[in-house]
Every structure is written in C-alpha cells, then in structure tokens.
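Open the model in your viewer and keep the selection tool at hand. The stops below run from the whole chain down to single residues.

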Amino acid sequence: MFCPNCGKQLAEGSSTCDSCGTTVPNQKSAQQANATYEAPQQPNYQPAANQKVYAQTTGTSRALAMSVYWGLLPLIFAACVADKDTDPFIKHHLNQALVIFIGSIISAFLSIILIGGILAIFLLVVGIMGTVQAYHGELTELPLVGKIKLLK
C-alpha cells in the first residue's frame with residue numbers, strides 16, 4: 001500500500017506515512033487512494049531563460065570544459081590542447097576556470113584572516129557550478145567570476 005500524499009510505500013498495517021506523516025485512516029480508503037495516485041514525473045532538464053546552451057558541444061569538449069575547474073594541470077592541458085580560438089565553449093569555461101584559479105591563489109594568501117576562508121568556499125561553490133554548466137553545455141556566466149575576461 002502507498003501513501004496517498006507522497007507515494008512512498010507504507011508498512012503493512014501502518015496508519016501513518018513514515019516519510020511525510022500523512023495519516024491513512026484505514027486499509028480500504030488507502031487502497032482507493034492508491035488506485036487514483038499517479039507518481040510525480042521527473043521533469044527533463046531545461047535550462048533557465050537566461051542560460052545560453054551551446055549546441056555544437058561534443059562529449060570530449062564537455063569533459064575537457066568540466067575538468068578545467070579542478071586544478072592547474074587540467075587547466076594547462078586544456079589551454080594547450082583545445083582550440084580556444086574557434087571553440088567559444090572551451091574559451092568560455094577556460095576563462096572562468098582561470099579566474100577561479102587566480103582567486104584561489106589570492107584566497108590562499110588571505111587565509112591568515114577569515115576573508116581567505118570565505119573566498120575559498122565561494123570559489124569552491126562557483127567551481128562546482130561551472131562544472132555543472134559545462135556538463136549541460138551552457139555558456140552562462142558564473143556569479144562575479146564570469147564578468148572578468150582574461151582570454152580575448
């Protein structure tokens with residue numbers, strides 16, 4: 001038997017849902033609710049209206065763009081291997097990753113005071129956001145980091 005509110009499976013003879021706390025009055029009404037319950041559908045990923053999706057990305061360029069956010073070696077490798085002059089997707093993510101890398105160096109120097117730790121946490125979150133955007137093939141600017149253009 002399933003919860004009429006959230007759809008989780010209920011234990012036999014249970015009168016409340018362990019997940020959402022909904023009270024199931026009796027077996028008969030729960031069975032009627034189960035007959036009409038439709039499981040919620042997971043929506044397909046749709047970018048927000050302000051996000052630009054770059055349609056020409058391949059699996060290789062997405063993987064390369066995702067990797068640049070996670071260290072100096074992937075950043076150098078991508079800068080050497082990628083054709084950033086003709087591929088705006090790689091150029092976009094290389095630029096943002098370079099800004100994050102420079103910011104992490106600054107945060108290391110500022111780590112003596114609390115501001116360096118806060119900056120490091122911010123850069124970690126922004127790096128994760130950039131990786132997710134690269135995975136989805138997006139060209140959306142990251143907060144604060146995306147406004148800085150180091151690669152022309």
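Start with one cut-off: buried means under 20% relative accessible area, exposed over 50%, and partly exposed in between, with a 1.4 Å probe and protein chains only. This is a predicted model, where local features need pLDDT of at least 70, side-chain atom pairs count only at pLDDT 80 or more, and totals for chains, interfaces and linings use all residues. Residues are numbered from 1 along each chain as its sequence is written, and side-chain values use heavy atoms, with hydrogens and water left out.

**Whole chain.** Colour by secondary structure. You get 5 helices and 0 strands, in the order α-α-α-α-α from the N terminus. Helices (H or I, at least four residues) and strands (E, at least two) are DSSP runs, numbered from the N terminus. Now show the surface. Its accessible area is about 9800 Å², 63% of it from carbon and sulfur atoms; the method is Shrake-Rupley with a 1.4 Å probe, and for residues only the protein chains shown count as cover. Of 152 residues, 31% are buried. Contact means heavy atoms within 4.5 Å. Among contacts with a separation of 6 or more, 58% join residues 24 or more positions apart.

**Helix α4.** Select residues 88–109. This helix has 22 residues and spans 32 Å from first C-alpha to last, close to the 32 Å expected at 1.5 Å a residue. The expected span is 1.5 Å times one less than the number of residues. Which residues of α4 are buried? Among them are Phe-89, Ile-90, His-92, His-93, Gly-103 and Ser-107. The buried residues of α4 pack against α2 (59–67), α3 and α5 (114–135).

**The α3/α4 pair.** Two packed helices are described by the angle between their axes and the distance between the axes. Axes are lines fitted to C-alpha atoms, for helices over the stretch in contact, and angles run from 0 to 180 degrees between N-to-C directions. Show side chains at the contact: Leu-72, Leu-75, Ala-78 and Ala-79 come from α3, and Leu-94, Ala-97, Leu-98 and Phe-101 from α4. By class, that is 8 nonpolar, no polar and no charged residues. Ala, Val, Leu, Ile, Met, Phe, Trp, Tyr, Cys and Pro count as nonpolar, Asp, Glu, Lys and Arg as charged, and the others, Gly among them, as polar.

**Leu-72.** Zoom in on this α3 residue. Leu-72 is partly exposed, at 42% relative accessibility. Draw a distance to Leu-98: the C-alpha atoms are 8.9 Å apart, across 26 residues of chain.

**Met-66.** Move to α2 and pick Met-66. Its relative accessible area is 25%, so Met-66 counts as partly exposed. Leaving aside neighbours within four places in sequence, Met-66 touches Thr-131, Ala-134 and Tyr-135. Its C-alpha is 9.5 Å from that of Ile-90, 24 residues away along the chain.

**Leu-144.** Finish in the segment after α5, where Leu-144 is found. Is Leu-144 buried or exposed? Leu-144 is exposed, with a relative accessible area of 65%. Check its backbone too: phi is near 60°, a positive value in a residue other than glycine. Most residues other than glycine have a negative phi.
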